[in-house]
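Visitor: Please take me closely through one part of this structure, and then show me how the rest of the model is arranged around it.

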Amino acid sequence: MGVNKDKNSYTVVFAALMVLVVGSILAFLASGLLPTIRENERFETQQNILYAMGVNENTADDVGSVNRIPTDKVEGEFTNFIKEQLVIDESGELTKNDQAYLIDLKKQLANKKKGKPFKLPLFLGEKDDKQFYVIPMYGKGLWDAIWGYVALDDTMTVQGVYFDHKAETPGLGANIKMRYFMDDFSGESIMKGTQYSGIAVAKGNNDPLNKTKDDNEVDALAGATITGNGVAAMIKESVNLYKDYLETIRVK
Amino acid sequence: MALLTKKDAGLILDPLADNNPITIQVLGICSALAITAELEASIVMSIAVVFVLGVGNVVISLMRNIIPSKIRIIVQLIVVATLVIIVDQVLKAYAYELSKTLGAFVGLIITNCIIMGRFEAFALANGPWKSFLDGIGNALGYGVILIIVGFFRELLGSGTLMGYPVLGDPILKTGLYATGYENNGFMIIPPAALIVVGIIIWVQRSKNPALVEEN
């Protein structure tokens, strides 16, 4: 090649061209795939909300795996089981909103922190003639965000939860989305007396099978202290966000 | 071999044992510590690295005559990062569940020193076919160690393999646990990976004394 590759001008031109080529490839790819990705995320949100209220394909003989409603059926099931989607705004006013499940809780919490108007989504479900109140949660794990849904009944007893995470350590913190951890929460109460105290993820509560349901505690995951604490903090913060609403439906 | 010449076969086979990226070149230790608490994660990571290193080596090799040497490291980094993002986006659109499993590894793949190491040491000086074989070989060598470490850490630390309980239930005391056996909680924290890798290095070198460095 006749070009002198050590010249600064060559380096600059090469860098500029490379950025242009790589940038356009990624931009085309991202905008081309965006609709499909968005749809996947939408289905997943519906799956997770339904999972928390016990609408899933878990079977009694396979206690190890989490089986959500398949994506091809989830939209129909979502309209079957979720009777109402509500939005609570900064003044505590409730409005119906059929798109409430698409609200990005992270943004709303950031708005709340800055004192801007915000909208908190809430889902009223009905299964086997029982009312479920599904609350979304968002918090911090060890490396990145964790989030999930908790389904409550009118006594503030947890009927089911779903947790997910962005980048917790595989084998340790990532196990918050394992069945054995999520199942422990069912039956626990988020109330201690009249306080919305949430549920602690405790080490050494000497109850690995989680038989005591009145201690506001579940057994922690070994080696995942910070993720576990993050889950506990997330539950406490989230139920307190919805405290005013929950007080109106709570059976005292 | 008819398909590969002896030298080409060596490119694939050497990194599996006598020139293993982890145990001999001591590269990629960081990701080996981070994700080997579970066998499944080790396997997913291995497959991802085979793909990225195989394709990345070819791309770098094709570009080797036009890359200005002053910014070659940055160029290599861009190639890895672009490949990883493309894979991630395509998986998100067409294999959403798999992409969620892979989520935690994306950053680890980009910063994996084996990838940069092979670009720098091999692909910049060799043709695409050879670079491809070298990439696959080194990624497999990395994967083999990852899977061995993952196997022992998950088995001894959690008593499961691929999430399936093979030793019985530690809480209900069934299977092996009935005899008084306990899971070793140390195995699931990252330092245990160093010890397992250390043992592999020890076994490998005592079997083949030619690998032991002279002091």
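Guide: Two residues are in contact if their C-beta atoms, placed from the backbone, lie within 7 Å, and in chain A, among contacts between residues at least 6 apart in sequence, 57% join residues at least 24 apart. The model is a predicted one, in which local features need pLDDT of at least 70 and side-chain atom pairs count only at pLDDT 80 or more, whereas totals for chains, interfaces and linings use all residues. Residues are numbered from 1 along each chain as its sequence is written, while chains are lettered from A and ligands numbered from 1 in the order in which they are written.

The part to look at closely is a sheet in chain A and what packs against it. Chain A holds six helices and 10 strands, where helices (H or I, at least four residues) and strands (E, at least two) are DSSP runs, numbered from the N terminus. Its C-alpha atoms fill a box of roughly 85 × 45 × 40 Å along the principal axes, and 34% of its 252 residues count as buried, a term that asks for 20 or more other C-beta atoms within 10 Å of a residue's own C-beta, placed from the backbone (12 or fewer make it exposed, and anything in between partly exposed).

Six strands of chain A, in the order β2-β1-β3-β4-β5-β6, make up an open sheet with antiparallel pairing; two strands pair if DSSP finds at least two bridges between them. At the edges stand β2 and β6 (158-165) of chain A, each with a single partner strand, so one side of each has no neighbour in the sheet. Ignoring direction, neighbouring strands of this sheet are turned by 25° against each other on average; axes here are lines fitted to C-alpha atoms, for helices over the stretch in contact, and angles run from 0 to 180 degrees between N-to-C directions. Helix α1(A) packs on the sheet, where it touches β1, β3, β4 (130-140), β5 (145-152) and β6 of chain A, and its direction makes about 145° with that of β6(A). Helix α3 (residues 105-114) of chain A, for its part, lies across β3 and β4 of chain A and runs at about 70° to β4(A).

Consider next the pairing of β1(A). Seven bridges join β1(A) to β3(A), and the two run antiparallel, with A:Asp89 standing opposite A:Lys119 in β3(A). Strand β2 (residues 94-96) of chain A is also antiparallel to β1(A), through three bridges, and there A:Ile88 has A:Leu94 of β2(A) as its bridge partner. β1(A) and β2(A) form a hairpin with four residues between them, and in the turn A:Gly92 has a positive phi of about 90°.

Helix α2 (residues 71-81) of chain A has A:Val74, A:Phe78 and A:Phe81 as its buried residues. Seen down the axis of α2(A), these fall within an arc of 85° and so line one face of the helix, the arc being that of the directions from the helix axis to the C-beta atoms. An α-helix has 3.6 residues a turn, so residues three or four places apart point the same way. The other side of α2(A) carries A:Asp72, A:Gly76 and A:Thr79, which are exposed, whereas the cover over its buried residues includes α1 (8-52), β1 (82-89) and β3 (119-127) of chain A.

Beyond the sheet lies chain B, which has nine helices and two strands in the pattern α-α-α-α-α-α-α-α-β-β-α along the sequence. The C-alpha trace of chain B spans about 65 × 50 × 35 Å along its principal axes, 35% of its 215 residues count as buried, and of its contacts with a separation of 6 or more, residues 24 or more positions apart account for 76%. Where the chains meet, 27 residues from chain B and 27 residues from chain A take part. On the side of chain B that touches chain A, α2 (29-35) and α4 (72-94) of chain B each supply at least two residues, with the largest share, nine residues, coming from α4(B). By class, that side of chain B has 17 nonpolar, seven polar and three charged residues (Ala, Val, Leu, Ile, Met, Phe, Trp, Tyr, Cys and Pro count as nonpolar, Asp, Glu, Lys and Arg as charged, and the others, Gly among them, as polar).
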